[in-house]
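User: Hello! Could you walk me through how to read this structure, one feature at a time?

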Amino acid sequence: MIEFRQVTKRYDSDHTALRQVNFSLARGELAFLTGHSGAGKSTLLKLIMVMERPSAGEVIVGGQMLNKLPKRQIPYIRRHIGVVFQNHQLLFDRTVFDNVAMPLEVMGVPARDIGRRVRASLDKVGLLNKEKMSPLQLSGGEQQRVGIARAVVNKPPVLLADEPTGNLDPELSADIMHLFGQFSQVGVTVLIASHDIALINDMQRRTLTLDHGQLIAGGGHGG
Ligand SMILES: Nc1ncnc2c1ncn2[C@@H]1O[C@H](COP(=O)(O)OP(=O)(O)OP(=O)(O)O)[C@@H](O)[C@H]1O
């Protein structure tokens with residue numbers, strides 16, 4: 001579902017953020033992405049989201065080679081990728097329902113389908129009874145789950161998360177991880193960038209480790 005072939009990313013001539021990175025993630029696989037600050041984790045996620053382009057090598061998502069993708073097709077690719085951020089990026093002047101509905105509205109989904117799909121998504125994260133609330137009335141863990149409901153509302157085959165448990169205590173973090181595990185079980189490919197070594201060790205999943213832009217562990221399939 002996601003494949004990197006000899007991917008190098010240079011932001012400028014003397015700064016290489018990723019060096020010849022190779023790995024592939026299968027459909028329904030869940031993996032962590034870890035490494036020190038500045039190791040290249042966000043850069044790797046941005047290449048998958050086509051927010052950045054590689055300097056060399058190939059990035060392939062869902063069978064599409066992203067390198068040569070014309071600009072006008074980028075929004076189409078992004079619809080297939082759900083993204084969860086540490087700080088949720090929720091709109092606090094809208095209800096929980098409206099926050100989750102946003103990607104569907106952008107895509108022009110008919111109103112009658114929006115209600116059904118938003119509620120299905122809120123149900124998956126256990127927040128069906130909070131749809132009318134403002135995110136401000138929710139706890140940090142609940143806000144993060146709203147962010148996850150929004151990321152999966154259009155059923156993307158790929159889910160990326162950048163430090164999704166950064167502000168949460170270990171118990172809430174474990175809940176969030178459990179949710180990601182459920183998505184992978186129904187075929188979503190999930191890649192989670194995290195510094196949280198204790199959590200990663202608990203999960204016992206494949207872990208891609210970056211060190212100064214090089215993939216030093218987890219690149220071999222399943223290893
Ligand atoms: N837009 C940019 N322009 C120039 N250099 C950049 C840019 N984005 C990232 N870098 C550099 O590339 C390297 C990798 O950064 P990246 O943000 O991918 O690391 P990271 O592993 O996500 O770090 P953190 O955990 O601190 O978020 C860093 O040295 C960073 O300074």
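Predicted model: local features only at pLDDT ≥ 70, side-chain atom pairs only at ≥ 80, totals over all residues.

User: How many bridges join strand E1 to E2?

Analyst: Residues are numbered from 1 along each chain as its sequence is written. Strands of a sheet pair through backbone hydrogen bonds, either parallel or antiparallel. Strands (E, at least two residues) and helices (H or I, at least four) are DSSP runs, numbered from the N terminus, and two strands pair if DSSP finds at least two bridges between them. Here, E1 (residues 2-12) and E2 run antiparallel, joined by 7 bridges. Within this pairing, lysine 9 stands opposite leucine 18 in E2.

User: Which order do the strands of the sheet have?

Analyst: The order is E2-E1-E4-E5, in an open sheet of 4 strands with antiparallel pairing. E2 (15-25) and E5 (64-65) each have a single partner strand, so one side of each is left without a neighbour in the sheet.

User: Which residues surround the ligand?

Analyst: A residue is counted as near a molecule if its C-beta atom, placed from the backbone, lies within 6 Å of it. Among those surrounding the ligand are Tyr11, His15, Ala17, Lys41, Ser42 and Thr43. E2 and helix H1 (41-48) each supply at least two residues of this shell, and the largest share, 3 residues, comes from H1.
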